[in-house]
Amino acid sequence: MGKFKLRKISAVLVLCLIVFSGCSKSKDTTTTPPVVIDPPPPPVTPTGIYYWLTTGDKTNLLTKQQTNLNFDVIANALPNITVDSTQKFQTVEGFGYTLTQGSAEVISQLPVTDRNLLLAELFGNTGNSINVSFLRIGMGATDLSSTVYSYDDMPPGQTDISLSNFNLADDKVAMIPVLKQILQINPNIKLLATPWSAPVWMKDNGSTVGGSLSPAYYQVYANYFVKYIQAMKAEGLDIFAITPQNEPLNPNNNPSLVMTAAEQSNFIKNNLGPLFANAGIATKVIIYDHNCDRPDYPLDILNDAVARQYVDGSAFHLYAGDISVLSQVHFTWPGKNIYFTEQYTASTGSFAGDLQWHLKNVIIGSLRNYSKVALEWNLANNASFGPHTAGGCTTCLGAITVAGSVISRNVGYYIIAQVSGFVPTGSIRIASDNNGSLQTVAFLKADGGKVLVVLNESNSSQSFNIKSNGKWLSTTLPGSSAGTYVW
């Protein structure tokens, strides 16, 4: 987390859950219910459209609207949003969060029935779930872990070049059990693993904070990645992709590690890439994993022909820069994929403000700029916005807060749920207009259905047409709200 650079489940089962709060401020005591997308819409006819609404004042929280919307050809003077499925762009891999070790810890501490219901709601594929389909996980500790650890920690002054002491013991406490339960719910969940730091003995400063990977340990660290992927595979967990380093230009987290573009390029082309190839590792290598203000970083690596052959694509955060940078990198190297992998909401933020900014940038913005995923930061925290390491983020608000057996749904939950419950993996982004304060992104599902997400950035209601296949319908979105339209 670049905390120093922020701008920034049947319905009967649902009733078993205890009171939920959807606040984005720690002092906000407004309670919000779990999302209920059930009953799912009947088979869609060519003239029928269904939509779900979330408003900044929380009077609607992914609420299915009862208004019947139908396409027709009656002319009007409203502004248009045209959805054109003949213009196809990138295929979607998924939507989700980072399951930090802290997230896994607070989830695992829930009573069994509550935990089962919560995970089914988050990761299931029913009318009562939000269908989270992609998770980023820490490879070793993140700054939202209870303690700082790697998979091969040694006493000061000692090394383990053979990695004979490598083990997943810390992750077996909560992370791996929770992941295994998620996998039972959604066998197709995709996992992106990211280290916050190499083991301290591989670093040039002997600290968990900052420092760089010593060149003498590049090959050992590549072996460390292979051991991790193989050990997780032995646990029944396939790692879809890795990034070599979380926020490689941020030396302030605990843990953290600085890795320049030149260092990451050398590590990939001389060590990690060849080793993956020789070991038959199919896990993708995604570079950068940091802010949109430094497109030169991924471009420098992609401009190296040897490194580029091992790289699937580039990952971004938006604590600095502009989301349009994703398109810049995409158009420079269109054969390489784009991923948006992290953005946090703060305990000091507002529901309405965060809902709008994140939907505009993280969801609509990243997808319109060719990202294949959109991920918010931490999935879960406790009532004190922990666990976190000493020096870790103290204001990061999870998508859910777990306090004993009480679960609160926060703004990050609804940011992702507004799209994840409706756009399955394998959907394709298609063309849609932005119009004034109305920001949009549209998708074509494998079954031929379409999904349009519209954000009304203004404070007042906006009426508009949705045009598709030569017909249109009129609808209205309240101010500071988002609608997901499905037909």
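Trainee: How many disulfides do we get here?
Mentor: The count is 1 disulfide, taking a disulfide as a pair of cysteine sulfur atoms within 2.5 Å. Keep in mind that this is a predicted model, where local features need pLDDT of at least 70, side-chain atom pairs count only at pLDDT 80 or more, and totals for chains, interfaces and linings use all residues. Residues are numbered from 1 along each chain as its sequence is written, and side-chain values use heavy atoms, with hydrogens and water left out.

Trainee: Which cysteines does the disulfide join?
Mentor: C393 and C396, with S to S at 2.2 Å. The link of C393 and C396 is right-handed, with 105° about the S-S bond.

Trainee: Buried or exposed, what's C393?
Mentor: C393 counts as buried, at 0% relative accessibility. C396 is buried as well, with a relative accessible area of 1%. Buried here means under 20% relative accessible area, exposed means over 50%, and partly exposed is in between (1.4 Å probe, protein chains only).

Trainee: Switching topic: how confident is the model?
Mentor: The protein averages a pLDDT of 92, and 90% of the residues score at least 70. pLDDT is the predictor's confidence in each residue, from 0 to 100.

Trainee: Where is confidence lowest?
Mentor: In helix α1 (residues 11-14), at a mean of 34, while strand β8 (residues 241-242) is highest at 99. Helices (H or I, at least four residues) and strands (E, at least two) are DSSP runs, numbered from the N terminus. Residues 2-31 stay under 50 in pLDDT, and the model has 95 contacts for them beyond four places in sequence. Residues 38-46 are also below 50, with 11 contacts beyond near neighbours in sequence. A contact means heavy atoms within 4.5 Å.

Trainee: What lines the largest cavity?
Mentor: Among the lining residues are Y97, Q343, W377 and G412. Strand β13 (residues 371-378) gives the largest share of that lining, 3 residues. A cavity is a set of points, on a 1 Å grid over the protein atoms alone, where a 1.4 Å probe fits but cannot get out; lining residues have an atom within 4 Å of a point.

Trainee: What volume does the largest cavity have?
Mentor: About 40 Å³, a volume being the space filled by probe spheres set on the points, with grid points joined across faces, edges and corners.

Note on methods. On a 1 Å grid over the protein atoms alone, a cavity is a set of points where a 1.4 Å probe fits but cannot get out, and a pocket is an open set with protein on both sides within 12 Å along at least five of seven lines; lining residues have an atom within 4 Å of a point.
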